[in-house]
Amino acid sequence: MAEQDVTLSQLLLAEYQTVKDEQKTRIGFRDNLLYVTLTVVAAVIAAAAQAEQSAMLLALPPVCVVLGWTYLVNDEKISAIGKYIRDDLGPRLTQLAGAQGAFGWETAHRSDARRRTRKAVQCAVDLTAFCVVPLAGLAVYWSAGQTSAGLVVVSVFEALALVGLAAQVVAYARPFT
């Protein structure tokens, strides 16, 4: 079996395929996190209502913070992969091929006139799913009259965690990039 030389172009194309596969996997995982969050929220609300125990709503913030942070980290990695392809890998392949450009979709889909609106709406959806709903659960707990001092302290820390997550969701939204 004769040895084959591997060209730089082949290596870069293999790298492209690998990072695109990772991006695709992360997109599927990220999108499923939203569905998981909605399912968990519905289950906790139903259980709290059925048991008539508002304290059960205190389960919402930690679950939503963990799922929301995981969603956010995956979303950031998806964007980082796209940026890497646009700013590094694509230009190197373009130069090697002596072509006008490579991977045009990586930049073309970002030039849509409604991109800012979509990003703002997505930010609102993310904030609602991961921050507003659990904050509403805390408000219900606080107003239900079934509070205890220890759980109120816990709920205040949960509220602070949700506000921190909300700040990160907005910071990562980058509607102007």
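Q: In this predicted model, is Thr 94 buried or exposed?
A: Thr 94 sits in helix α2. Its relative accessibility is 14%. Buried means under 20%, so Thr 94 counts as buried.

Q: Which residues does Thr 94 touch, leaving out those up to four places away in sequence?
A: Thr 94 belongs to helix α2. Contact needs heavy atoms within 4.5 Å. With residues up to four places away set aside, the partners are Ala 99, Gln 100, Gly 101 and Ala 102.

Q: How many aromatic pairs does the structure hold?
A: Rings pair if their centres lie within 6.5 Å. On that basis the count of aromatic pairs is 2.

Q: Is the pair of Tyr 16 and Phe 103 stacked or tilted?
A: The ring centres of Tyr 16 and Phe 103 are 3.8 Å apart. Their planes meet at 10°. Planes under 30 degrees apart count as stacked, so this pair is stacked.

Q: How many residues apart are Tyr 16 and Phe 103?
A: Tyr 16 is in helix α1. Phe 103 is in the loop between α2 and α3. The pair links distant parts of the chain, and the separation is 87 residues.

Q: Is Tyr 16 buried or exposed?
A: The relative accessibility of Tyr 16 is 18%. The cut-off for buried is under 20%. Tyr 16 therefore counts as buried.

Q: Is the pair of Tyr 71 and Phe 130 stacked or tilted?
A: The ring centres of Tyr 71 and Phe 130 are 5.1 Å apart. Their planes are at 45°. Stacked needs under 30 degrees and edge-to-face over 60, so this pair is tilted.

Q: Which helices hold Tyr 71 and Phe 130?
A: The pair ties together parts that are 59 residues apart in sequence. Tyr 71 is buried at 5% relative accessibility, and Phe 130 is buried at 1%. Tyr 71 lies in helix α2 and Phe 130 in helix α4.

Q: Which residues does Phe 103 touch, not counting those up to four places away in sequence?
A: Phe 103 is in the loop between α2 and α3. Contact is set at heavy atoms within 4.5 Å. The partners are Leu 13, Tyr 16, Ile 85, Gly 90 and Leu 93.

Q: What distance separates the C-alpha atoms of Phe 103 and Gly 164?
A: Phe 103 and Gly 164 are 61 residues apart along the chain. Their C-alpha atoms are separated by 36 Å.

Q: Is Asp 87 buried or partly exposed?
A: Asp 87 is in helix α2. Its relative accessibility is 48%. Buried is under 20% and exposed is over 50%, so Asp 87 counts as partly exposed.

Q: Which helices do the buried residues of α5 pack against?
A: The buried residues of α5 include Ser 155, Leu 162, Leu 165 and Val 169. The helix has 25 residues and spans 36 Å, close to the 36 Å expected. Its buried residues pack against α2 and α4.

Q: Which helix gives the most residues to the lining of the largest pocket?
A: The largest pocket holds about 950 Å³ of space. Its lining has 31 residues, with Arg 30, Asp 75, Ser 79, Arg 115 and Lys 119 nearest the centre. The lining divides into 11 nonpolar, 6 polar and 14 charged residues. With 10 residues, the helix that gives the most is α2.

Note on methods: Residues are numbered from 1 along each chain as its sequence is written. This is a predicted model: local features need pLDDT of at least 70, side-chain atom pairs count only at pLDDT 80 or more; totals for chains, interfaces and linings use all residues. Side-chain values use heavy atoms; hydrogens and water are left out. On a 1 Å grid over the protein atoms alone, a cavity is a set of points where a 1.4 Å probe fits but cannot get out, and a pocket is an open set with protein on both sides within 12 Å along at least five of seven lines; lining residues have an atom within 4 Å of a point. Grid points are joined across faces, edges and corners, and a volume is the space filled by probe spheres set on the points. Helices (H or I, at least four residues) and strands (E, at least two) are DSSP runs, numbered from the N terminus. Ala, Val, Leu, Ile, Met, Phe, Trp, Tyr, Cys and Pro count as nonpolar, Asp, Glu, Lys and Arg as charged, and the others, Gly among them, as polar. The expected span of a helix is 1.5 Å times one less than its number of residues. Buried means under 20% relative accessible area, exposed over 50%, partly exposed in between (1.4 Å probe, protein chains only). Rings of Phe, Tyr and Trp (its six-membered ring) pair if their centres lie within 6.5 Å; planes under 30 degrees apart count as stacked, over 60 as edge-to-face and the rest as tilted.
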